[in-house]
Amino acid sequence: MALMHVNCYSKTLHQHISLDVLLPTEFEGDRFPPDYKWPTMYLLHGLSDDHTVWQRWSSLELKLSGLPLAVVMPTTLRGFYTDMKYGPAYFTFISQELPELCEQFFHLSPLREDRFAAGLSMGGYGAIKLGLLCPDRFSAVASLSGALDVVGSTDCAFDYDTLLPEYSIIFGERAQALGSENDLFAVAGRAAESGARLPKIFMWCGTEDKLYRENRRFNECFGEALGIEYHECPGAHEWKYWDQHISDVLDWLPLRTRALPHLE
């Protein structure tokens, strides 16, 4: 894989934004068709991380070897992939502007069936949100240890008020957030009733993870209606488990082909 470091200006965020991109690389003697458009996974970081974390804390690049897949990893700081109440419109950026920019910069496919999203913790929230609110743009989304009940729709939410001192800046008052587009339980309920064509959904969470209860509850509520492929096993909120289970996500992705294209 070739690692590209990108710093570009976002009209949505009104600021420069950093992202890393992994692109399949030709080996000696190999040649890719020059007009080939790569399927792409938008891979999202967690609350305390940035666009470099997947390369630093996982063996992602090795796992991608031989796969016809590009990976885009943006930075959105602690914004929870949300159009913040008092701050940048991060969800609009990752759902609309980011794919458009990357598809201009690189040979990435603009087709729904070639566009995926995944993430861990806060990034799992962002990936599921992309799938449920933008089903016309993403064909598969995956969450590892997702922070899925951040607005407290259920009785099993983690203590996000302590974790997020900037909670009201991101979401506004909790009463306003409940039932909104930032409430994944409400969004999932509406998506299940809509009859719309939804993306494939993959979820994994460790049984010792602090977010396990809300992951299990989400699957209990919507697993059948949304066709979620849900997995749980021993594991905590730690990188050694995310590194292990990102392999499951890559194996699960509905790539139209799993072979690299070669120019004859």
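Colleague: In what order do the eight strands of the open sheet run?
Modeller: This is a predicted model, in which local features need pLDDT of at least 70 and side-chain atom pairs count only at pLDDT 80 or more, while totals for chains, interfaces and linings use all residues. Residues are numbered from 1 along each chain as its sequence is written, and side-chain values use heavy atoms, leaving out hydrogens and water. Strands (E, at least two residues) and helices (H or I, at least four) are DSSP runs numbered from the N terminus, and two strands pair if DSSP finds at least two bridges between them. The pairing is mixed, and the order is β1-β2-β4-β3-β5-β6-β7-β8.

Colleague: Which strands stand at the edges?
Modeller: An edge strand here has a single partner strand, so one side of it is left without a neighbour in the sheet. The two strands in that position are β1 (2-10) and β8.

Colleague: In which sense do β5 and β6 pair, parallel or antiparallel?
Modeller: Gly-119 stands opposite Ser-143 in β6. Over five bridges, β5 (residues 115-120) and β6 pair in a sense that is parallel.

Colleague: Where is the kink in α9 centred?
Modeller: The bend at a residue is the angle between axes fitted to the seven residues ending there and the seven starting there. Helix α9 covers residues 212-226 and has a kink of about 45°. The kink is centred on Glu-220.

Colleague: Which residues have the most contacts inside the largest nonpolar core?
Modeller: A nonpolar core is a set of buried Ala, Val, Leu, Ile, Met, Phe, Trp, Tyr and Cys residues joined through side-chain atoms within 4.5 Å. Buried means under 20% relative accessible area, with exposed over 50% and partly exposed in between (1.4 Å probe, protein chains only). The largest such core has 62 residues, and those with the most contacts inside it are Phe-80, Phe-171 and Phe-218.

Colleague: How far from Cys-102 is the nearest cysteine sulfur?
Modeller: Cys-102 counts as buried, at 1% relative accessibility. Cys-102 is in no disulfide, and the nearest cysteine sulfur, that of Cys-8, is away by 7.1 Å.

Colleague: Which cysteine has the sulfur nearest to that of Cys-156?
Modeller: Cys-156 is in no disulfide, and at 7% relative accessibility Cys-156 counts as buried. The nearest cysteine sulfur is 8.0 Å away and is that of Cys-221.

Definitions and conventions: Disulfide = S-S within 2.5 Å.
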